Amino acid sequence: MTARLPVFPLATVLFPGLVLPLHIFEERYRALIRHLMGLPEGSPREFGVVAIRSGWEVAPKSGRVVPGTGEVTLHEVGCTAELRQVTELTDGGFDIVTVGRRRFRVGQLDHHAAPYLTAEVSWLPEPTGPDEPASLLATRVIAVFRQYLGLMRAEAGELTEQLPDDPTVLSHLVAATAALTVADRQRLLAIDDTAARLRAELSLLNREAALLRQVRAVPVPLTELATPPPAPN
């Protein structure tokens with residue numbers, strides 16, 4: 001099943017069930033929020049968040065990003081962001097709170113149908129019903145994740161966070177909160193099977209924990225330390 005969806009490229013990966021606050025300052029995305037707020041009551045107010053593979057998603061002052069210029073390329077899998085809270089600012093912008101809802105694969109992009117980017121997307125399958133392998137893996141992931149969190153913190157003390165029992169919810173939480181690169185998170189988002197995602201997270205958590213024990217730091221690629229140019233006024 002496919003659908004047409006507004007797309008918001010970001011330098012981050014959104015997962016189902018995770019909260020994503022955003023400050024909306026560009027006019028094209030202000031138009032997107034106004035469009036969503038104007039939908040009939042009961043209509044889904046959501047847009048697609050897709051991680052940027054390369055480039056900066058900041059439009060020139062004169063208008064939108066021009067297709068084919070190589071300014072920005074996107075990953076193939078994203079997650080919808082459901083609008084939960086909107087605060088309109090005096091300058092015409094918005095502060096919004098969204099929650100990740102469902103994963104999709106990006107099809108054809110359209111730079112002209114609206115002031116903002118839209119895309120034909122296909123929804124990705126989500127697990128339903130009991131999954132014994134995923135449940136067994138979830139227990140192991142919780143144990144390793146708690147060890148990892150302890151290593152990430154400077155202060156000693158017992159960890160009191162409540163982690164979800166549902167394996168799929170847990171897999172999304174770990175992927176979103178561990179200190180992973182965008183590339184690692186993107187690979188986890190694209191995995192359809194919960195057990196496979198948890199298995200991949202076990203490997204990543206063990207890798208990061210080993211690095212923390214050795215050097216007390218998790219390396220980050222230089223590209224992720226860069227900052228985009230300031231938005232035009």
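Is the crossing of H2 and H3 left-handed or right-handed? It's left-handed, going by the rule that the near helix is turned anticlockwise from the far one by less than a right angle (clockwise would be right-handed).

This is a predicted model, where local features need pLDDT of at least 70 and side-chain atom pairs count only at pLDDT 80 or more, while totals for chains, interfaces and linings use all residues. Residues are numbered from 1 along each chain as its sequence is written, and side-chain values use heavy atoms, with hydrogens and water left out.

Back to the helix pair. The axes (lines fitted to C-alpha atoms over the stretch in contact, with angles from 0 to 180 degrees between N-to-C directions) come within 10 Å and cross at roughly 35°. Here is who touches whom, contact being heavy atoms within 4.5 Å:

| Helix | Residues in the contact |
|---|---|
| H2 (residues 132–152) | Ala134, Ser135, Ala138, Val141, Ile142, Phe145 |
| H3 (residues 167–177) | Pro167, Leu170, Val174, Thr177 |

By class, that's eight nonpolar, two polar and no charged residues; Ala, Val, Leu, Ile, Met, Phe, Trp, Tyr, Cys and Pro count as nonpolar, Asp, Glu, Lys and Arg as charged, and the others, Gly among them, as polar.

Zooming out, the chain has six helices and seven strands, taken as DSSP runs (H or I, at least four residues; E, at least two) numbered from the N terminus. Of its 233 residues, 42% are buried.

Conventions. Buried < 20%, exposed > 50% of the residue type's maximum accessible area, 1.4 Å probe, protein only.
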